[in-house]
Amino acid sequence: KPAFPELDFRSGARVEELNKLIQEFTKHDQREYDDQRALEIHTAKDFIFSMLGMVQKLDQKLPVANEYLLLSGGVREGVVDIDLDELNVYARGTDYDMDFTLLVPALKLHDRNQPVTLDMRHSALCHSWLSLRLFDEGTISKWKDCCTIVDHINGATNYFFSPTKVADWFYDSISIVLSEIQKKPQRGMPKVEKVEKNGTIISIILGVGSSRMLYDIVPVVSFKGWPAVAQSWLMENHFWDGKITEEEVISGFYLVPACSYKGKKDNEWRLSFARSEVQLKKCISSSLMQAYQACKAIIIKLLSRPKAISPYHLRSMMLWACDRLPANYLAQEDYAAHFLLGLIDDLQHCLVNKMCPNYFIPQCNMLEHLSEETVMLHARKLSSVRSDPAEHLRTAIEHVKAANRLTLELQRRGSTTSIPSPQSDGGDTNQPDDRLAKKLQQLVTENPGKSISVFINPDDVTRPHFRIDDKFF
């Protein structure tokens, strides 16, 4: 054994103490759910999917048989690359207890076997306009009112799918449906506590029993296959090689309603590889993931003003680190402290150099638009974290404990009114959903952050149609 305990050279902190603090943060951050809470999660999910089925029936715009991607964590948690400066601030414990992001395809291009070529002539890297000329006449006539129109010299008219107009339509449609639902409330139905349009996403907070659940619903364009602009990334060696197949990684991508710093908000979409990231996450060690979650909790609070760094930047840095470092090093169970310090160093390096490449399209620098003053301000803030990581971890632990106390207090106040299942008449609350609740509990506790693909038939919303990886429930 070494004569001295292992120390962090920069801060003098004991590595063993940092590891214990990260473990304590993880314990409070990853809460376990009992059957009642699992049933509440299922009830909220059913409500959201039923609502979307009714939105489809309003004007038939959404695809009839749609496939959603449900992600654990809200947009503010960095699960998708969307700018946070237009979003209202919501806090766990104060505003909600659990958060999810749901990607809802407004359009699907699923019949492609070759690389998908997008119209990037008008856009910054990692962004694209979308012409409806790729679709049939029926689709064009349905979505004309959500497009910007460009007339060419030769007399042809081109309709470009507008992320802002689609988001406006989606918010209006959801508001109409929720208004109708609330006119005829049913026993056990979630209470809609908040519906807000945050930029181009719609945030809904539902009260179900003693739980409050935030759903960030994002209208997207869904593609099967892989974009031509990211083809070269597939030629490189990656940490996931041999662990998952290339087919799993490149099964599809999205356009999300987000624009570049100088782009045209009405026309420009951002490429999102959320489906691929769900697969890659399977290959990341638990100790690195714990360090990432702890680091994210620190920077969300510290770097919130001005908005420049989002948790998605940190996620990208973690993926690059996985490519750069040996897998057997990253798999060390007692190295979470090393990984946390490394992520802080990486983030500071990116800020000082104003360079954070997108993991899938490395030629796209996600920090290019920031001013020198902003990056140096954040780099100095990170320097204070690096000088005393233990203190910042203790603060993060106190924040998550306080959020959990607020949640428990709400549960205690609401514990006398248990929630019946929407399928029941208020009798035995667990009867039809007990088996599913147990599966959901197992899903949440054993697979935090995994994606659920949902296949919805709006004419039959009574049965769950969702897939976790390759298992159907």
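**Entry 1: a starting point**

Where does Lys 354 lie? I found Lys 354 in the loop between helix 11 and helix 12 (372–387). Before going on, I noted that this is a predicted model, where local features need pLDDT of at least 70, side-chain atom pairs count only at pLDDT 80 or more, and totals for chains, interfaces and linings use all residues. Residues are numbered from 1 along each chain as its sequence is written, and side-chain values use heavy atoms, with hydrogens and water left out.

Back to Lys 354: its phi is positive, about 50 degrees, although the residue is not a glycine. Lys 354 is partly exposed, with a relative accessible area of 21%. My cut-offs here: buried means under 20% relative accessible area, exposed over 50%, and partly exposed in between (1.4 Å probe, protein chains only).

**Entry 2: the whole protein**

I looked up the overall numbers next. The protein has 14 helices and 13 strands; these are DSSP runs numbered from the N terminus, helices being H or I with at least four residues and strands E with at least two. Of its 473 residues, 52% count as buried. I also checked contacts (heavy atoms within 4.5 Å). Among contacts between residues at least 6 apart in sequence, 74% join residues at least 24 apart.

Two packed helices are described by the angle between their axes and the distance between the axes. Axes are lines fitted to C-alpha atoms, for helices over the stretch in contact, and angles run from 0 to 180 degrees between N-to-C directions. Angles under 35 degrees count as roughly parallel, over 145 as roughly antiparallel, 65 to 115 as roughly perpendicular and the rest as oblique.

I took helix 9 to start with. Helix 9 (residues 311–324) packs on helix 11 (residues 336–353) at an angle of about 110 degrees, and their axes are 10 Å apart. The two are therefore roughly perpendicular to each other. On the helix 9 side I noted Leu 314, Met 317, Met 318, Ala 321 and Arg 324, and on the helix 11 side Leu 343, Asp 346, Leu 347 and Cys 350. By class, this contact of helix 9 with helix 11 has seven nonpolar, no polar and two charged residues. For the classes, Ala, Val, Leu, Ile, Met, Phe, Trp, Tyr, Cys and Pro count as nonpolar, Asp, Glu, Lys and Arg as charged, and the others, Gly among them, as polar.

Then I turned to helix 1. Helix 1 (residues 15–29) meets helix 11 at about 90 degrees, with the axes 8 Å apart. That makes helix 1 roughly perpendicular to helix 11. Helix 1 brings Val 15, Leu 18, Asn 19 and Ile 22 to the contact, and helix 11 brings Ala 336, Ala 337, His 338, Leu 340 and Leu 341. I sorted the contact of helix 1 with helix 11 into seven nonpolar, two polar and no charged residues.

How do helix 11 and helix 12 run, roughly parallel or roughly antiparallel? Their axes come within 9 Å and cross at roughly 160 degrees. Helix 11 and helix 12 are therefore roughly antiparallel to each other. Among the contact residues I wrote down Leu 341, Ile 344 and Asp 345 of helix 11, and Val 375, His 378 and Ala 379 of helix 12. The contact of helix 11 with helix 12 divides into nine nonpolar, three polar and two charged residues.

**Entry 3: aromatic rings**

Rings of Phe, Tyr and Trp (its six-membered ring) pair if their centres lie within 6.5 Å; planes under 30 degrees apart count as stacked, over 60 as edge-to-face and the rest as tilted. By this rule I get 21 aromatic pairs. I looked at Trp 169 and Phe 170: the ring centres are 5.6 Å apart and the planes are at 10 degrees, so the pair is stacked. Trp 169 is buried at 11% relative accessible area, and Phe 170 is buried too, at 1%. I also noted one aromatic cluster, formed by Phe 223, Trp 226, Trp 233, Trp 240, Phe 253, Phe 273, Trp 320, Tyr 359 and Phe 360.

**Entry 4: a few single residues**

Cys 126 has a positive phi of about 75 degrees although it is not a glycine. I located Cys 126 in the loop between strand 2 (98–109) and strand 3 (127–128). Cys 126 is buried, with a relative accessible area of 2%.

Ile 149 lies in strand 4 (residues 147–151). Leaving aside neighbours within four places in sequence, Ile 149 is in contact with Thr 157, Asn 158 and Tyr 159.
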